[in-house]
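Open the model in your viewer and switch to cartoon display. This tour moves from one selection to the next.

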Amino acid sequence: MKRRKRSAVWEHFTLKEDDATCKICKAVLKYNNSTSSLNYHLKSLHAAVLGGESGGGARPGQPSVAEAFSKRKAVCDDARAEGITQRICNMVEKDMLPISIVDGKGFRELMNYCEPDYQIPSRETITTRIEARYKRKKAELKARLANTHVAITTDCWTSNTTESYITVTCHYMEDWLMRSAVLATESMPMSHTADNLAERLNEIVHAWGLTGRVIACVHDNASNIVLANSQPRVDWASVPCYTHTLQLAINDGFAGTLHQVIAAAGRLVKHFKHSTKATKALETKQGQMGLERHQLIQSCKTRWNSVCDMFARLVEQRWAVCAVLSDRTFTKLSDARTLEIRDDHWKIMEEMGPVLVALKTATTVMSTETEVSISNTYPISFGLIDVHLKKRVEGDSGKVAEFKSKVAASLSRRMKIASDDFLTSTPMIATMVDPRHKHLSFLSPARRISANAKLLELAQAEDVSSTSTTADGASSASASTTGEEEEGAQPDVPVQEAAPQRHTSAMVQLLGAYYTNQVTNDVERELDSFLKDAVPNLDSDPNHPTDWWGKNEARYPRLAKVAKRYMCIPATSVPSERVFSACGLTVTKLRSRLTPEHVDMLIYLNKNE
């Protein structure tokens, strides 16, 4: 007769003949009338699961593995505690968490489990540490910007607590690499007039020590911010956001019949977005027809390119959508009559595809922050107008041709292409020093000459600036040398016999003996050599303009200074608008009591890692 199983180990094992099966991990062990191997299995593999149990089969008074570890004195010295505190601050900054997380019950349980001896700091301690980190990082950035020219972007937004803020970002070139940073996110409680906006922008620029070194400010096309960035309120150039300008031109093209097509398409998509039954039916029809199970996309006035995406997805899913609308199991007849899109509207959506894709591509290319974009402004504008927005190409319907004509006219007007004013604009200057576009092939010969004359003027200004700096340093040395010579004896200067007078022509007398040799100066030669240099391929790396200048700065020193100033300017105000997403995570209902100063601090630390 077998011995009765008395050991507590059998609470975790089942015995069948000579095999003991673990109830926890289902491992099978051999049982030879001894529980030693079974006890070892539990202690080595399931100590955490056993918890505070006495360790089945253990001798009375012998602690289990879990108990032994729980009684071990955890070591959390000052260095480790400091490291944990720093990482808590990092977590708050990077994940946009409320500082009150350190008071949360769940957080305290987690820290007690991971590091029982760690003393969790208070909210006040975390706040003080984050403030100190903000001051240190701000000083570091200010030192980096001390001797460089920058561009800024700005936009205003309203928080969930209905408080108005203004955000300013800066962009600059460092070792021919594009750099950007958020400078400030400040409360803007006063009316957003041009004078108030200009005053706040000047205050932020002055606080950062950038007065006189801001090349341009990029902003949207709202009248108040346009006026705020005009002379004499500010001393920098005003650059309207290109993508915002392009979207205004596209909206001008949508006016009329196309607006009706957009409304009908939006109504249809809204039906599927608000009806679970219709959405499930669409998925069924997609499976039956072998179509990709893509959801429909709704257009939004504030979301660029959404009409393009909506049209493309509807055309892709047309027959699945029509099948759902014609199936009375899923769609009532009255709803179907309201939602069905006319055949000519389907045709317009399909024909609009290529031109809308081209406009979407332009928006995407110009919205980059890490690559040179400002110099693409006019090449892309002329490319859209001359290639993608031609009045009528084979296969275009009347509505598509009308859309192209309206967009081209609106874009030309907004970019001032009909006049010569754009030839001296900030984006055009950046285009002239971009090695990909320096040939200015999109301009007429006369306009090309005018543009190059402006570039020569800027290069000469850089040359004068460099010369004056050198002269100031040399004048003091010259004065010192002269004083020393006056104190000593004057050296004997041999008297040379006068050269015999030569007969000169009337033209030489009128124009000067060196007239023939003064064809060009150093600046003109530099510009001429730059323009004759090979033009890089457009298929090259998007960062090629900065790489090219990094390698050729010594060859064209004056033009390199112009390039470094103007090519860092973003083409759009997207950088400041992208801050809004972080702002939405910062100013939440859980943080409704955040002061504007702390909002600025948290956004700065999050965006300037």
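Start with helix H1, residues 36–45. H1 lies across S1, S2 and S3. Against S3, the helix runs at about 145 degrees. Keep in mind that this is a predicted model.

How many strands form the open sheet, and in what order? Three, in the order S1-S2-S3, with antiparallel pairing. Color the edges: strand S1 (13–16) and strand S3 (28–30) each pair on one side only. From one strand to the next, the twist averages 30 degrees.

Pick Thr14 to see one partner: its bridge partner in S2 is Thr21.

Now jump along the chain. Select helix H10 (residues 257–274) and helix H12 (residues 306–316). Their axes are 11 Å apart, and the packing angle is about 65 degrees. Angles of 65 to 115 degrees count as roughly perpendicular, so H10 is roughly perpendicular to H12. The crossing of H10 past H12 is left-handed.

Show side chains at this contact. On H10, select Val261, Ile262, Ala265, Gly266, Leu268 and Val269. On H12, select Val307, Met310, Phe311 and Leu314. Color by residue class.

Conventions. Residues numbered from 1 in each chain as written. Predicted model: local features only at pLDDT ≥ 70, side-chain atom pairs only at ≥ 80, totals over all residues. Heavy atoms only, no water. Axes fitted to C-alpha atoms, helices over the stretch in contact; angles between N-to-C directions. Helix = DSSP H or I, 4+ residues; strand = E, 2+ residues; numbered from the N terminus. Parallel < 35°, antiparallel > 145°, perpendicular 65-115°, else oblique. Left-handed = near helix turned anticlockwise from the far one by under 90°. Contact = heavy atoms within 4.5 Å. Pairing = 2+ DSSP bridges.
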